[in-house]
Amino acid sequence: MTNALLIIFTITLLYLGIAHRLLTYIKILAFQGILLFGIAFISLIEINALNLAFVLLETIIFKTIAIPLFLNYIIQRNRITRDAEPYLPNFISLIIITLIIISTFLLSNEIADSRISKIYFVVALSTLFAGLYIIVTRKKIITHVMGYLVIENGVFILSLAVGNEMPMLVNLGILLDIFASVFILGIFVNRIGDILKDVDVDQLKSLRD
Amino acid sequence: MTGIYLIGGFSLSVLIFLNRNKFINYLLVIAFLFLQIGFTIYEYLHIDETELNYFSADSLGILLLATLTIISIPAMYHSYVYLGSKQDNPRHTAIYFGAMVALLTAISAAYLSNHIAVTWIFVELTTLSASALIYHRRNNRSLEGTWKYVFVCAISITLVFIGILFLSFTLQQAGTDDLSFSNLLKNATGLNVFWLRLAFIFIFTGFTAKFGLVPMYTAGIDAKDKAPSPAGALMSSVLMNVGFVGIFRFYTIVSRTSIHSWANHVILIAAILSIFVATVYMTKMKNIKRMFAYSSIEHAGIVMLGLVAGGVGYYAAVLHIIIHAFIKSSLFFQQGQIYRIYKSKSIYDVGNYFKYNLTGSVVMLVAFFFATAMPPSGLFISEFMIFRSLFDASYLWLLIIVMLLLTVIIWAFAKNIFKLLFSPPVGFNEEGIERISPAESLSQFILLGLSVYLGLNPPQEFVTLIQESIKNLPH
């Protein structure tokens with residue numbers, strides 16, 4: 001069952017590569033939150049109930065509901081245009097994300113460790129690199145934030161791989177998740193939206209050498 | 001005592017943040033400085049004791065903590081001068097001092113923590129408090145600097161976390177789940193090489209954002225440029241050392257395993273690229289503050305070369321990082337005065353500094369010689385030892401390349417500094433420029449003098465502390 005959910009998660013990455021509109025990105029993030037809820041629910045049976053409840057609440061409330069609503073609010077408040085404005089055509093993005101998945105797959109063959117499930121490793125690393133790819137190839141700052149959230153999801157999956165033995169690390173990952181997202185989005189909504197009217201990275205090019 | 005210090009530091013920071021009365025804020029800052037000094041002395045007297053399970057004052061922690069305490073006093077004084085001259089509104093002053101106190105507390109805790117996850121948490125806190133300092137001027141450019149810093153640091157802190165996760169994979173195999181540095185060191189030989197390599201790559205890359213090495217150095221440059229100069233001084237000295245502590249402690253563990261030489265190669269590439277990048281940018285740099293920031297990148301690269309070379313290089317690396325903190329912070333403190341006279345950081349707008357501020361120019365000249373590691377600077381001693389260790393480790397070609405790059409750096413640095421000191425400024429209106437009291441340069445002279453003292457005639461305790469902190473590395 002976890003395997004099925006993880007594979008669906010990987011498919012959402014491919015969809016992320018070809019998505020045109022910001023609204024689609026937000027929907028994908030919300031959907032990934034639901035998938036993470038399912039994965040956490042199934043794989044973390046061994047940890048104590050209170051901790052499990054905390055992890056599940058974080059995935060469902062924070063990742064699935066709060067963040068997408070907040071992103072939507074930012075887009076409407078700052079009147080960001082709905083196109084994602086990639087630098088590269090979507091077809092190339094699709095190919096590159098596929099290549100990322102294949103190469104992490106090949107890398108995972110190096111693992112000679114029966115205790116770590118390889119599929120977690122493959123999905124987590126490909127999510128991480130897909131997130132970095134989104135950050136590098138999209139023009140708007142808000143898509144950078146979304147790329148960062150995708151990376152966070154990848155880290156969450158990776159921490160689930162050791163979740164039963166070291167629940168502390170899952171909690172730390174959640175701490176990072178909440179802390180960094182709130183902080184980055186907070187700066188975004190308060191400051192960048194007020195000062196810079198058209199929010200894309202071209203406005204952030206005055207500091208250079 | 002660590003518990004008292006952490007509670008005291010963070011509650012003082014909150015109090016300063018909430019309070020709007022300037023006078024009471026200054027009293028609170030002074031209270032924090034006393035707390036900081038008392039804490040440092042206490043930890044020195046109780047060396048190698050573990051408190052609250054996660055904090056132990058080992059030699060490296062003590063050395064860097066003392067460095068931080070010494071730099072924090074002039075940093076607060078220059079902040080006071082900086083904020084006093086600008087008639088800022090009380091809210092901004094309160095946020096500034098609150099953030100600075102929180103930054104210093106978080107850095108001290110990161111130095112002393114003996115658990116990799118705890119170090120990680122405090123490094124994250126430094127990002128938060130530093131960003132408030134960078135945003136102090138509240139204009140478009142400082143917003144840009146803050147945004148870039150926060151974003152790059154958020155990504156790099158995530159990379160460190162991924163590294164910790166990989167480390168936990170390999171620990172499971174070794175049959176333990178304690179992520180403290182001492183336990184990692186004990187089990188170093190049993191760690192799985194594949195996971196350890198991945199962990200090293202991720203943790204090293206993550207910490208380079210704080211330490212200022214290729215590949216994640218970029219955000220730090222903008223941050224040091226945009227932050228007020230006392231905050232810039234902290235960021236390019238004690239905050240850099242946080243990155244060093246992270247890399248050094250993990251490198252100590254890796255050096256016990258079979259991937260030691262592989263890790264050396266990784267660090268070597270990052271170090272050479274850092275020095276190269278610093279050289280390229282310094283030759284065309286027109287902004288004095290950014291030039292200082294790039295000079296920090298160069299020194300970070302040299303420190304890493306010391307680690308790679310081994311032998312006497314380990315000792316020199318720790319010595320270099322401490323002396324560099326003193327010299328670079330005094331350069332940044334002095335830069336604040338230059339900005340007050342010329343109202344510009346561009347090299348085109350400044351000149352004839354000797355005429356306007358004699359004491360400041362002497363500081364600038366001396367600090368320039370010291371920062372480029374000319375005798376009697378302490379950096380000369382440590383750099384000489386690093387070069388010797390490179391020679392001993394038969395990295396001869398590397399040594400030649402590094403020396404050539406350093407020569408170019410000295411030329412570029414000198415070109416700008418001599419322009420600042422001697423050439424007349426173009427279109428500069430002399431009327432109404434600010435007279436700067438020579439007393440404001442006193443702290444810089446003390447810091448520079450300390451760097452000579454520690455380099456040429458180090459006290460026995462200091463040498464012992466450095467030797468203790470490198471005792472776990474292979475000899």
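What share of the contacts in chain B with a separation of 6 or more comes from residues 24 or more positions apart? Such pairs account for 79% of them, two residues being in contact if their C-beta atoms, placed from the backbone, lie within 7 Å. The model is a predicted one, in which local features need pLDDT of at least 70 and side-chain atom pairs count only at pLDDT 80 or more, while totals for chains, interfaces and linings use all residues. Residues are numbered from 1 along each chain as its sequence is written, and chains are lettered from A in the order in which they are written.

Chain B holds 20 helices and 2 strands (DSSP runs, H or I of at least four residues for helices and E of at least two for strands, numbered from the N terminus). Its radius of gyration, taken over C-alpha atoms, is 21 Å, close to the 23 Å of the globule rule for 475 residues, so chain B is as compact as a globular protein of that length. The rule itself is 2.2 Å times the number of residues to the power 0.38. Of the 475 residues, 57% are buried, that is, have 20 or more other C-beta atoms within 10 Å of their own.

In chain A, the axes of helix H1 (residues 2-18) and helix H4 (residues 90-108) come within 7 Å and cross at roughly 155 degrees. That makes H1(A) roughly antiparallel to H4(A) (an angle over 145 degrees between N-to-C directions). Residues making this contact include A:Leu13 and A:Leu14 of H1(A) and A:Leu94 and A:Ile97 of H4(A).

Notes: Buried ≥ 20, exposed ≤ 12 C-beta atoms within 10 Å, placed from the backbone. Axes fitted to C-alpha atoms, helices over the stretch in contact; angles between N-to-C directions. Parallel < 35°, antiparallel > 145°, perpendicular 65-115°, else oblique.
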